[in-house]
Amino acid sequence: MSSIINVVNVTKVYKMGEAEVWALKEVSLEVADREFIAIVGPSGSGKSTLLYVIGGLIRPTSGKVYINGVDITTMNDDKLSEFRHENIGFVFQMYHLIPRMTALKNVMLPLKLRGLSGREARRRALEALKLVGLEHRANHRPTQLSGGEQQRVAIARAIVTEPKIILADEPTGNVDRKSALQIMDLFTRLNRELGVTIVMVTHNLELVRYCRRAARLLDGRIVRIYTSSEYRKLAEDMTRGV
Amino acid sequence: MKLVDYFSLAFDGVKERKGRSIGAVIGIVIAVVALALALGIGEAFRAMFYETLRRAFGPDIIYVMPTEHLTESDILIMSSLPNVEHVIPIVGQGVLLKAGTFERSVMVYGIRAEYLKFIMGVEDLEEAIEEGSPDLVGLNILVGEYLSYNYLTKTKLIEIGQQVILQGVDRTTIAVVTGILKASSGPGVAFINTGSSVFMDIDTFFRLFRRDMTYDLAIVKVKDVNRVEETIEIIKAYVPQAEVFSLKFALEQFGIFMNSVQIFLGAVSGIGLFITGLWIFDTMTINVVQRTREIGVMKALGFKKRQIMFLFLAEALVITIIGVAIGAVVVLGLAQVVGIPMFGALIKPKITPFILLLVTLTPIATNIVATLAPAYRAAKLDPVEALRYE
């Protein structure tokens, strides 16, 4: 299988006054097309930073990030925004829906950005909401939805532009267990049926079983990549912190 | 992204912050109304005074105003100059008019009868006579309508044939009223208020009030209006001690004066716009802070910096357009009812298309400038920091 994401020797250093904080240290990671991969690790290990570097929201201090063979680290801000819009969908722990908009309008937003007509954007947004099982909640505002429903609307917003990649940052971190499993089932369907590559940051090892591989970060480095048959070992390593 | 979608998103944003948005709209309405009415009053004054100047001057008239006096020889010289049809010398004196128990300070003018019709703006002097006859010889005088009749008590103050006393500084005389002159609206030629003045034969006037036989003013009527400027230059050469000017010059000078007045009025009322701009700046700054995470989401979705900037500018534009639209309606309504009483009439603001355009574009420009900094700050936000903003 060809790789759709290729992270090569990426380092990210934050300057805090005189001090330097190394969020990522020469991280390399290759993600295959249509793969569902988890990035795990303790808080502050650099999981989210790696996710945002892949998504072009954070520019690495050094190293390269190739998406579909295109080096996104050399793109200017506008090009990167366009590229992100075309290729990547984000799902955040806190959903980040726009509170004044209905579920439908939230999902329509990326399509409006694409310049689609109101009717076409509405049709596609309703399709996306149907896919996540929320078409009946289309006209509800985020405050009228449960956490799990809000996250499913956020997923609909992420997939409505039919991106090749979904980057999910702790997507179940703010929902109950039942909703978390629903969301994971949804991701699995998107991955298997629509062929969307999913990179998911999580600290919940129960969810890793949905993924084919899991990359474990510790202190800004990928210490090991585990296959699905090695998840028991992953759990042991995580517990021991090695 | 389509323009309509920017404004649709902007309108949603404005609706979400109803309180601040309504406050900003009210501020803009007040600023627009204040600016439009100030400029409209200025414009009304300009129009009224232009009309007065036109009535007083006429395109074929040149005014010659000496620093001291004009002599008979000056008048004769001017009369002989090319393009001069005739010269009307005018001389006046403030006196106390006494008619029985009625007393009033008035201007008495010495003028030849054939020129009075010109001052009155009629072809035949008979047309300007309300009552009596236009005989202007000896101690006969013609008095303005407002002197002869009290409109409040509806009583006659001066009768035809009545003897009145004209008490000057050095000389007092008795004159006979032979005619009442019709009042014209506003000051007429040479700014003489004919309705409240007294006219007498010029030779009698010289004998009584101006023994040096000099004039205060001369009005030159030209034959060819296209050569007015050239004639002015010639008169200046022959009468260097006088200010010589025409309608064009007066209008130019008055225009410069009125422009200054309007700029001043506009600047004073423009303070309202400045304060509105500050309010918009404040509103949009708070807006950006409150929507920091939303901006992060938009960036993650692929919004470019300029698109985010334009979203905030569109929001300021929506607020401003609502304010300007309401303000324009209020202005057009108020312009029909408010005014400043002057010369016995109510001077109502004159809201021209230019004023409407100005009070539309100025708040838009001001508020866009006021929004630039917060909008730029929004566009420059780091997406990840914005997403993590609490």
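This is a predicted model: local features need pLDDT of at least 70, side-chain atom pairs count only at pLDDT 80 or more; totals for chains, interfaces and linings use all residues.
**Entry 1: helix α5 of chain A**

I started with α5(A), which runs over residues 147–159 and has 13 residues. I checked its reach from first C-alpha to last and got 18 Å, close to the 18 Å expected at 1.5 Å a residue.

Next I asked myself: is α5(A) mostly covered or mostly open? Mostly covered, as 12 of its 13 residues are buried. I went through the names, and the buried set includes A:V153, A:A154, A:I155 and A:A156. I also found A:E149, A:R152 and A:R157 among the buried residues, along with A:Q150 and A:Q151.

Then I looked up what does the covering. In chain A, the cover for those buried residues includes the strands β6 (88–91) and β7 (165–169). It also includes the helices α3 (103–113), α4 (118–131) and α6 (177–193).

**Entry 2: where chains A and B touch**

I turned to the contact, which takes 20 residues from chain A and 17 from chain B. Which helices of chain B each supply at least two residues to the side touching chain A? I got α1 (3–16), α9 (292–301) and α12 (383–388). The largest share on that side comes from α9(B), with five residues. I sorted the chain B side by class and found eight nonpolar, eight charged and one polar residue.

**Entry 3: domains of chain B**

Last, I looked at how chain B is divided. Domain 1 is made of two stretches, 3–53 and 252–388, while domain 2 covers 68–240. I noted that the C-alpha centres of these two domains of chain B lie 53 Å apart.

Note on methods:
Residues are numbered from 1 along each chain as its sequence is written. Chains are lettered from A and ligands numbered from 1 in the order in which they are written. Helices (H or I, at least four residues) and strands (E, at least two) are DSSP runs, numbered from the N terminus. The expected span of a helix is 1.5 Å times one less than its number of residues. A residue is buried if 20 or more other C-beta atoms lie within 10 Å of its own, exposed if 12 or fewer, and partly exposed in between; C-beta atoms are placed from the backbone. Two residues are in contact if their C-beta atoms, placed from the backbone, lie within 7 Å. Ala, Val, Leu, Ile, Met, Phe, Trp, Tyr, Cys and Pro count as nonpolar, Asp, Glu, Lys and Arg as charged, and the others, Gly among them, as polar. Domain bounds come from an automatic or database domain assignment.
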